[in-house]
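Here is a short briefing on a protein model. Look at the sequence and the structure first, then read the points below.

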Amino acid sequence: MKDISCKLLVIGAGPGGYVCAIRAGQLGIDTVIVDAGKPGGTCLNVGCIPSKALIHAAEEYDRIVHLANGRNSLGIRATKPELDLAQTIAWKDGIVGRLNSGVSGLLKKAKVKIVQGRARFRDGKTVEVETETGRQIVRAETVVIATGSAPVALPNLPFGGAVISSTEALALTSVPERLVVVGGGYIGLELGTAFAKMGAKVTVVEAQGRILPQYDAELTRPVSKRLQALGIDVMTGAKAKGLAKAGSTLLVEAEDGSEASLAADKILVTVGRRPVTQGWGLDELVLDMDGPFIRIDERCQTSMRGIYAIGDVTGEPMLAHRAMAQGEMVAEIIAGHKRVWDKRGIPAVCFTDPEIVTVGLSPEEARRTGVEVTIGQFPFSANGRAMTKMGEDGFVRVVARVDNHLVLGIQAVGHGVSELAAAFGLALEMGGRLEDVAGTIHAHPTQGEAFQEAALKALGQELHI
Amino acid sequence: MGEHLIKMPDVGEGIAEAELVEWHVKVGDLVREDAVLAAVMTDKATVEIPSPVDGEVLWLGAEIGDVVAIGSPLIRLKVEGEESASSENSPPEKAAEAPARTGEIEAQADGAVRVPDAIVERQARSTPPQTVERPPAPPVRMHRAPAMRAEGERPIASPAVRLRAREAGADLRQVPGSGPAGRITHEDLDAFLTHGRQVSKAPGLVQNTAVEHIKVIGLRRKIAEKMALAKSRIPHITYVEEVDVTALEDLRSSLNANRRSDRPKLTLLPFLMRAMVKAIAEQPHLNAVYDDDAGIVHQHGGVHIGIATQTGSGLMVPVVKHTEARDLWDCAAELNRLAEAAKSGLASREELSGSTITITSLGAMGGIVTTPVINYPEVAIVGVNKMVVRPVWDGSTFIPRKMMNLSSSFDHRIIDGWDAAVFVQRIKALLETPAMIFVET
């Protein structure tokens, strides 16, 4: 097969890689992108998008189940719904397929050459790709490593049989009767909640003292409450020891040291993700590492000249939009533009029920920087739109400096608050002060009003509480 | 008996304070209505404050040079016949007659500004205080300087500003932000780029068309007035002579090396001061103050030597009083003390006035020759130039000697050239043979 020479080679067509390639192509850089799977990476194929599809289907189903359970305050009568999960998964696959071809189309439009296959470095400038039709050598002036991350397996609970990762969970064609979720982080809770809504008996086993340990307790309280209402058992401080000999029973050491066995049809292990640093020839390179991640500088440059790395392989937070922003930046740097990573915040959304969104510093993190902080918090129970959506749980919280009212962080928990990430992110990125948020007219009636009210409250000028 | 409290008037829009530059009255003075009480100076103009009533000055609220906030108490007057003012039917005060005019400022032909009615609050002991109504003062607009962030803090700027800065190669950490919380706006960046370009690019020589208008105020104004007065009134004669200070320098370093720990290090000036005392004993009319308006020369017995001193705010002349009664060490100590006081702004008016003759010395900056301006109304000033080692012909060979010039100016109306020369030659002789300074003749 004839060797390919190009200016830029991107390894991995996830959100970071494909955005990098598209921008590079737009800027006239001769670009090749390599991926063994369909374009879109984890996010599009087995992550963000399919999980949101499943969560939506579960919500819809749960709502109708709820309405069918006799009289309800809305006055809606419904008959007991039925769920054809295989059909749901097919619908989800349809969305994923549309997005796959969308990304392919965008790459082609930007004149990016797509090579499907597994890439492996020979040296810093040469990569060989195992394609279906044979070995393809790609020589590039610049290489961007965007290999992403993969689910972490527990040594005593390897994937296989009843033990599944999020990838398999998103392809189940029937709802497991009993689902044990090992790991109470956002992935486990998103999927656990969805399956509970679809009728599974779900138990969450979390090793730490509480679920979603990266958030403060106030933010996760509405989620815990909802998990309880959905009949999900949450075992905190509990360790998964392994499978019982019988097969699909999980042995758990509870917080008090007692052993419990949880019978399960499926055991979903969501204990985190690890960067993919194996299988593509990292050993052929001399890259400085940062723990398990590839070390990068503020321009996403690695310790080797001409080699950049972006996305999950470079560290936390492992979020698609971080990878996309890095990819865009790196393409522009390669095109000769002056760019540097100077983002003020990376929003993070947890699609639990209710949703959690954060950007910038939490009150605790803000205090740790040494500045005096003021906090304004406004509950959705005082928000008209939240009432009409029957979603009064949660609040919006604004963290700002006392001296100049600069907004340092914004957090919210509540129904549909993920869409507020846009407003929160903009306020932070623009260097907004409390007065800027408080002085912006927020449409009524929307949940976004709670953002304005939280800022007003931090200023001691709240109106609706 | 009643009392008038006169406050610092609102002397112009946006002015929050004014410098008191002159008192025309003192405590105990009787003043008539419209008599000028004081003058205050803003950066715009000097404003005279007239008295709104007849009365006696009880209290002055500030000293000359004080910066007084608008509305602060300035003067208290005792006014006569105010007992009847307890009646509500009593005729209104002058200040109350035209409240609308209060605060108006009339520019006068001489450029000074007169406040027609000072803000007056009448306080009659027997009556409840009556306040004079006046339109509210315009809000004082604060022109905040663009905020710089604390060391290490990340600049606050929108992504668009950050991108533009990046592309222009500007480091936002160095850009002052004028926005809320010190946020850097596009305009701030524009200003920085325009300014920065001139500095960093500098492809060639650039014309600078900027003109800065600097008000001559406070001490600078005083210096200007005094210099103009001295130069316009006094016909100067300047006489320059060189002095061989080799022996004096030997003596000085020896004295310094062996001095008591409580004694100050000697400079050349105390020797010069003592030499001047000696010279003046023979020519007392050089130690004088000439009142040229009255046509009288006040010839002083005491030798009060003004020492021209450069301070942060300008030239000041602290005075070493009664040098004739001070020995060398005392002269040095007093000189040090006064110079410190002047530089730190702690010198009193007493210490800054009353000189009868002056020394001006720029030390290492002294140059070869200067043309000192007489400290009006004195009649003589002695200028010290830089000391250098020069080859001097001793009749058979050149030898290195420490040489120093004295550039001295005299009021030629009072001092003839001959007298000036005799005076300087006498000082030269004393400094060249320093023992003579200390030996009674």
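A residue counts as buried if 20 or more other C-beta atoms lie within 10 Å of its own. By that rule, 47% of the 465 residues in chain A are buried. The model is a predicted one.

**Chain A overall**
- Chain A contains 13 helices and 24 strands.
- Of the contacts in chain A between residues at least 6 apart in sequence, 64% link residues at least 24 apart.

**Nonpolar cores**
- In soluble globular proteins, nonpolar side chains tend to be buried together.
- The largest nonpolar core here has 147 residues.
- The residues with the most contacts inside this core are Leu9(A), Ile11(A), Cys20(A), Val144(A), Val398(A) and Val407(A).
- Another core, of 50 residues, lies apart from it and includes Leu248(B), Ala288(B), Val319(B) and Met404(B).
- Leaving out residues up to four places away in sequence, Cys20(A) touches Val10(A), Val144(A), Ala146(A), Ile310(A), Gly327(A), Glu328(A), Val330(A) and Ala331(A).

**Helix α11 of chain A**
- Helix α11(A) spans residues 421-429, and its buried residues are Ala421(A), Ala423(A), Phe424(A), Gly425(A), Ala427(A) and Leu428(A).
- These buried residues are covered by elements of chain A including the strands β20 (348-350), β21 (355-360) and β24 (407-414).
- The helices α12 (434-438) and α13 (449-458) are also among the elements that cover them.
- Just after α11(A), Gly431(A) has a positive phi of about 75°.

**Where the chains meet**
- Chain A and chain B each give 12 residues to the contact between them.
- On the side of chain B that touches chain A, five residues are nonpolar, three are polar and four are charged.

Note on methods:
Residues are numbered from 1 along each chain as its sequence is written. Chains are lettered from A and ligands numbered from 1 in the order in which they are written. This is a predicted model: local features need pLDDT of at least 70, side-chain atom pairs count only at pLDDT 80 or more; totals for chains, interfaces and linings use all residues. Two residues are in contact if their C-beta atoms, placed from the backbone, lie within 7 Å. Ala, Val, Leu, Ile, Met, Phe, Trp, Tyr, Cys and Pro count as nonpolar, Asp, Glu, Lys and Arg as charged, and the others, Gly among them, as polar. Helices (H or I, at least four residues) and strands (E, at least two) are DSSP runs, numbered from the N terminus. A residue is buried if 20 or more other C-beta atoms lie within 10 Å of its own, exposed if 12 or fewer, and partly exposed in between; C-beta atoms are placed from the backbone. A nonpolar core is a set of buried Ala, Val, Leu, Ile, Met, Phe, Trp, Tyr and Cys residues joined through C-beta atoms within 7 Å.
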